[in-house]
Amino acid sequence: MIADEVKDLVRKLALKNALEHDGKARTDTIVAKVMGLKPELRKEARSLIDEIKIIVDDVNRLSAGEQKTELERTAPELLVQEKREAKSILPPLPNAQMSMVVTRFPPEPNGYPHIGHAKAAIIDEEYAKMYNGKLILRFDDTNPLKEKLEYYDAIKEGIEWLSVKPHLVKNTSDDMELIYNYARKMIEADGAYVCTCAIDVIKENRKNGISCECRSNDFTQNLERWEKMFDEYKPNQAIVRYRGDMRSENTVMRDPTLFRIIEGEHPLKGRKYRVWPTYDFAASIEDSIDGVTHAMRTKEYELRNELYYAIIDRLQIRKPLMIEFSRLEFEGMPVSKRKIKPLIDQGLVEGWDDPRMPTLVALKRRGILPEAIREFVLTLGFTKADTKPPFDALESINRKMIDPLSIRLFFVSDPIILQVSNAPKSSVRIKNHPDKDMGVREISVNDTFYIAGSDAANLKQGSEVRLIDLYNVKIDGIEANRIRGSFNGEELRASVPKIQWVSKDDAVQMNVMVPRALYINEQYNEKSLETIKGYAESHALKLRVGDRVQFVRFGFCRVDSNGIAVLTHR
């Protein structure tokens, strides 16, 4: 049973966390915070988790109003602290008014969310929180040939895992009739026309800045063609183009496509629609009607801003402020679907959650905490400067977060048998963590051990080694797959090198997946995933899927399944 004082702390933290995340506190987050504030409780971590979960579940059954009322009564300082912290995370937004800011995160459901999506979603949410505003999650689902229900769900789950809580979730496809109305207004205002030229002709004309004959049609002819797009024209026979400037130095403005015919099964709308807007048109309309005040996207779209504002100005609708920031990907781990989708299709990776991938499900499987991703994103700042940091920048943050809670166990790779003569048969108590409050485990030892192949390779006959936390061994003989040694006392001597070990009587097989860079110099790295086989202590069987462990002198890992772990980082 946990003390009343700890119960009160857990409840206050749960109430605060619930209010930050749409009324649903997360048990794992509360456990981590409690252990950080009360390190003396780490030795009771296993028993505490179930009790903390009971308190969190009770808090989650309250309404948001009840949660806020209770927190205001029991710990008002936590609400004040939250507001103070939110003000200093990012630089101020231009023309922003408190309680009036609306941001949006508009992913297309054509794949699983990745680290780049995480950056965008976190920045959008942080700014909304900074100004006590709102965040909209809007699925940009206007291409039925690429979108799947699986991807809608994956994005929602990824956003939830990051603890990003939008105030509104919507789909662009729900506004198709409204978008069609704006298309007609655009045509009537002579701001767009229907082009029936061949695709290759359009492409060549845009390249050379040449107008086609369709551009001279009046709005009546264009409206007639517009109606034919819904039931007469076939795909690629007709498109709606913005009437821009075919001589513009910004090629985006050379009469770009606003609508095209796509015949396919939409995951939400079926075959109800066949005329679909491009992102340029849909984003301009949706941002305006949704009340978005600050629309943020990566700088690769910067040249499209002119078109974004031109559409809004031509329709005379409310104008958001567009702001760019740098894209985020890691060295050797590109986020471009052009590179990662073929890897899945060709079976070069297991799937979207392959631990080598930049997707959120892959990072979760690898053992990266969502809190580490948020801190990492915010340390990068809000800038247009190219952001392509090494993966170990995220690892460094993650390591600090998981180190205090990760049990230490022995693991030996490429194992070699060490036979020790005259060895005392007993049991040894070993600390689970440098922090003594994490407790100890007891291991039965005999005269036979597994040691790592790399350690065995450094041994010489007549030398002496110390089995960590056990005793000293003199090396009497070295054979192909076996080392012979003899017990040489228990005195700890600084001059004697230490090696890891796993008692043969206490060993369980353990395979560790080691992910590396997917790409090297733009080429797929065929050695990007290695499986290291070895033995771990039987205590590893007590770990559950998702648990984190540090295999001593090997690295931090996350349990993937029974007998299999994924290396998080060294």
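Because the model is predicted, local features are reported only at pLDDT of at least 70 and side-chain atom pairs only at pLDDT 80 or more, while totals for chains, interfaces and linings use all residues. Residues are numbered from 1 along each chain as its sequence is written, and side-chain values use heavy atoms, with hydrogens and water left out.

The protein has 17 helices and 27 strands, where helices (H or I, at least four residues) and strands (E, at least two) are DSSP runs numbered from the N terminus. Of its 570 residues, 54% count as buried; here buried means under 20% relative accessible area, exposed means over 50%, and partly exposed lies in between (1.4 Å probe, protein chains only). Among contacts (heavy atoms within 4.5 Å) with a separation of 6 or more, 71% join residues 24 or more positions apart.

Rolling a probe the size of a water molecule over the atoms shows where empty space is left. On a 1 Å grid over the protein atoms alone, a pocket is an open set of points where a 1.4 Å probe fits, with protein on both sides within 12 Å along at least five of seven lines, and lining residues have an atom within 4 Å of a point. Grid points are joined across faces, edges and corners, and a volume is the space filled by probe spheres set on the points. The second largest pocket holds about 1,100 Å³. Its lining consists of 36 residues, and those nearest its centre are Glu-108, His-117, Glu-300, Tyr-301 and Lys-337. At least two lining residues come from each of strand S1 (102–105), helix H6 (115–130), strand S6 (257–261), helix H11 (279–289), strand S8 (294–298) and helix H13 (337–345). H6 contributes the most, with five residues. By type, the lining has 15 charged, 11 polar and 10 nonpolar residues; Ala, Val, Leu, Ile, Met, Phe, Trp, Tyr, Cys and Pro count as nonpolar, Asp, Glu, Lys and Arg as charged, and the others, Gly among them, as polar.

What lies in the interior? In soluble globular proteins, nonpolar side chains tend to be buried together. A nonpolar core is taken as a set of buried Ala, Val, Leu, Ile, Met, Phe, Trp, Tyr and Cys residues joined through side-chain atoms within 4.5 Å. The largest such core has 44 residues, of which Tyr-127 and Ile-373 touch the most other members. At least two of its residues come from each of H6, strand S2 (134–139), helix H7 (149–161), strand S9 (321–325), helix H14 (360–366), helix H15 (370–380) and helix H16 (391–402). H6 provides the largest share of this core, nine residues. Leaving out residues up to four places away in sequence, Ile-373 touches Ile-115, Ala-118, Ile-122, Trp-161, Leu-162, Leu-360, Leu-363, Ile-368 and Leu-394. Another core, of 39 residues, lies apart from it and includes Val-194, Ala-238, Trp-276 and Met-322.

The cysteines come next. A disulfide is a covalent bond between the sulfur atoms of two cysteines, identified here as a pair of those atoms within 2.5 Å. A search of the whole structure finds zero disulfides. Cys-195 is in none, and its nearest cysteine sulfur, that of Cys-197, is 3.7 Å away. Cys-195 is buried, at 1% relative accessible area, and Cys-197 is buried too, at 18%.

Some individual residues round out the picture. Asp-280 lies in helix H11 and counts as buried at 10% relative accessibility. Beyond residues up to four places away in sequence, Asp-280 touches Arg-304, Leu-307 and Ile-311. Asp-469 sits in the loop between strand S16 (464–467) and strand S17 (472–478) and is partly exposed, at 45%. Leaving aside neighbours within four places in sequence, Asp-469 is in contact with Phe-410, Val-428 and Ile-430. Finally, Asn-521, in the loop between strand S22 (519–520) and strand S23 (523–524), has a phi near 55 degrees, a positive value in a residue other than glycine. Asn-521 is exposed, with a relative accessible area of 71%.
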